[in-house]
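Opened the viewer today to check a few spots. Notes below, in the order I looked.

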Amino acid sequence: MGTENPSAPSRAQSAADRNPTRSRHRPGGIVHENTRHTTRFTVIGNHLTQHPELSLLAIGLGCHIQSLPAGAPADIKSLAARFKEGTTRIAAALRELEAHGYLRRERVRTATGRIITRTTSCNQPGHRREAANTDCPAPPPRPAASDRAPQRRTRKALPAVPQPTQAAATALHQRATDLLGTLRRLDSRLLLSAADTAHLVPGVIAWLEREVTPTAVRHALTADLPDDPLRRPAALLAHRLTAHLPPPPPYRAPVGPPPVRHPLRTCEGCERAFRAPETETHCRDCRTTAPFTR
């Protein structure tokens with residue numbers, strides 16, 4: 001009989017019918033798993049992302065520029081510092097965007113008279129309007145070099161060096177100065193100025209008064225120098241004079257004065273030569289045998 005079963009579906013439901021939001025696509029094509037953005041997103045038109053004439057670099061650079069806040073730098077040098085494509089390729093991509101209306105670069109004069117390049121990003125070419133007011137105002141233009149106040153670069157002080165005793169400093173000052181002046185013969189990077197030499201001289205004297213030979217001091221200052229350029233050779237030498245300062249020499253008891261050595265004299269009694277002060281006229285033997293006289 002032709003009785004219809006009411007529990008049976010009228011027709012087989014396809015996967016697309018069960019999930020009407022699922023897009024139809026070709027086998028092997030891309031499948032999108034999209035999540036709705038609520039923060040930190042930029043709306044970019046498909047006319048840019050799928051532009052038939054722009055290069056891939058120009059499309060990517062255009063999307064990056066549209067995502068930047070107002071006032072962010074978008075010149076060639078800033079973009080080359082951010083990406084590794086180099087200034088030549090970035091400049092070519094900017095010209096592509098400019099030719100298709102996505103970018104506009106104008107040279108304007110600031111209130112101080114300086115000429116700057118102002119870059120305007122257009123998310124829809126052909127729909128020119130005033131730039132929107134955002135929370136990221138454009139930075140004020142830098143004053144011209146002639147308007148900026150001159151800035152004096154302060155020289156960083158050299159590290160402290162060991163200080164010798166006053167007596168040693170006076171006696172060894174010239175030897176220490178000559179030693180520092182010869183370091184450039186061993187390494188041309190150790191050419192010191194007069195001010196740097198005057199600062200390092202006390203440290204070298206402190207080594208010399210500890211009975212270190214000048215050759216040993218030169219070796220301690222110039223051995224195992226780095227291969228890189230020395231930006232502050234005097235600072236390196238000051239560090240070595242302090243860090244590698246040898247200990248004081250061993251203690252030695254003070255030595256008394258040497259015995260007095262009298263000149264030779266002739267004895268008036270026996271005419272024998274003997275050593276004695278000028279007050280003595282006879283040798284020891286004659287003094288013991290001669291009668292006492294006043």
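This is a predicted model: local features need pLDDT of at least 70, side-chain atom pairs count only at pLDDT 80 or more; totals for chains, interfaces and linings use all residues.

**The hairpin.** I began with strands β1 (residues 103-109) and β2 (residues 115-121), which pair in the antiparallel sense over 7 bridges. Which residue stands opposite leucine 103? I found serine 121 in β2 there. The two strands form a hairpin with 5 residues between them. In the turn I checked glycine 113, and its phi is positive, about 90°.

**Histidine 64.** I looked this one up in helix α3, which runs over residues 56-67. Is histidine 64 buried or exposed? Its relative accessible area is 19%, and the cut-off for buried is under 20%, so I noted histidine 64 as buried. Leaving out residues up to four places away in sequence, I see histidine 64 touching Leu79 and Phe83.

**Threonine 197.** Next I went to helix α8, where threonine 197 sits. I wrote threonine 197 down as buried because its relative accessible area is 14%, and buried means under 20%. What does threonine 197 touch, not counting residues up to four places away in sequence? I got Thr177, Leu180 and Leu192.

**Helix α10.** Last stop was residues 233-243, the span of α10. I listed its buried residues as Pro233, Ala234, Ala235, Leu237, Ala238, Arg240 and Leu241. Where do the buried residues of α10 pack? They go against α7 (183-186), α8 (194-208) and α9 (214-222). That brings me back to α8, the helix that holds threonine 197.

Terms used
Residues are numbered from 1 along each chain as its sequence is written. Side-chain values use heavy atoms; hydrogens and water are left out. Buried means under 20% relative accessible area, exposed over 50%, partly exposed in between (1.4 Å probe, protein chains only). Helices (H or I, at least four residues) and strands (E, at least two) are DSSP runs, numbered from the N terminus. Contact means heavy atoms within 4.5 Å. Two strands pair if DSSP finds at least two bridges between them.
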